[in-house]
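Hi,

Here is the structure I promised to pass on. Have a look at it first, and then read my notes below.

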Amino acid sequence: MSRELAKRGNKTLLVDLDPQGNATNVMLKTGANIQDEVIKFDQSLMNAISEGNLNDSIITIDENWDLLGSGPDFALYGRWLEHLGSYNKRVQYLDKLIN
């Protein structure tokens with residue numbers, strides 16, 4: 001669905017929240033086919049979240065189509081959120097980083 005939205009001119013960010021990173025793997029392979037080169041990412045989504053800045057983790061796959069790629073370390077997200085304190089802060093944290 002994200003691919004179709006991007007093709008229609010909508011700026012699209014796919015956020016892979018699965019520690020297995022299946023969507024990330026598919027997106028990286030698709031991007032490699034589109035760009036004719038291997039796409040790598042230096043910073044996982046969990047690293048970016050803990051640093052409070054997602055910008056360095058955004059991977060451009062194609063025009064209007066970006067990815068925030070996940071990895072095994074995302075399994076720690078729930079535990080990491082505990083340091084934020086209140087339930088409301090935990091629920092709103094990722095939304096604030098994305099917006």
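Let's start at Tyr93. Leaving aside neighbours within four places in sequence, Tyr93 is in contact with Ile49, Gly52, Trp80, Leu81 and Leu84. Keep in mind that this is a predicted model. Is Tyr93 buried or exposed? Its relative accessibility is 18%, so Tyr93 counts as buried, the cut-off being under 20%.

Tyr93 also belongs to the largest nonpolar core, which has 13 residues. Which members touch the most others there? They are Leu45, Ile49, Leu54, Phe74, Tyr77 and Tyr93. Three helices each supply at least two residues of this core: helix 3 (45-51), helix 4 and helix 5. Helix 3 gives the most, with four residues. There is a second, separate core too: eight residues, including Ile59, Ile61, Trp65 and Leu67. As background, nonpolar side chains tend to be buried together in soluble globular proteins.

Now for the rings. A pair of aromatic rings is described by the distance of the centres and the angle of the planes. How many aromatic pairs does the structure hold? Two. In one of them, Phe74 and Tyr77 are stacked, at 4.9 Å centre to centre with 15° between the planes. Both partners are buried: Phe74 has 7% relative accessibility, and Tyr77 has 13%. The rings of Trp80 and Tyr93 also pair up, with centres 5.2 Å apart and planes at 55°, so this pair is tilted. That pair links distant parts of the chain, because Trp80 is in helix 4 (residues 77-81) and Tyr93 is in helix 5 (residues 87-98), 13 residues apart.

You'll find Asp16 in the loop between strand 1 (12-15) and helix 2 (22-35). Asp16 is buried, yet has no salt bridge. Where is the nearest side chain of opposite charge? That is Lys29, 12 Å away. What Asp16 does have is a polar contact from its side chain to the side chain of Thr24, at 2.7 Å. A polar atom of the Asp16 side chain also lies 3.1 Å from the backbone nitrogen of Asp18. Not counting residues up to four places away in sequence, Asp16 touches Gly21, Asn22, Ala23, Thr24, Leu45, Leu68 and Ser70. You've met Leu45 already, among the core residues that touch the most other members.

Notes
Residues numbered from 1 in each chain as written. Predicted model: local features only at pLDDT ≥ 70, side-chain atom pairs only at ≥ 80, totals over all residues. Heavy atoms only, no water. Buried < 20%, exposed > 50% of the residue type's maximum accessible area, 1.4 Å probe, protein only. Lys, Arg positive; Asp, Glu negative; His and termini not counted. Salt bridge = Lys/Arg side-chain N within 4 Å of Asp/Glu carboxyl O. Polar contact = N/O pair within 3.5 Å; in protein donor to acceptor, adjacent residues only side chain to side chain. Contact = heavy atoms within 4.5 Å. Phe/Tyr/Trp six-rings, centres within 6.5 Å; stacked < 30°, edge-to-face > 60°. Core = buried A, V, L, I, M, F, W, Y, C linked by side-chain atoms within 4.5 Å.
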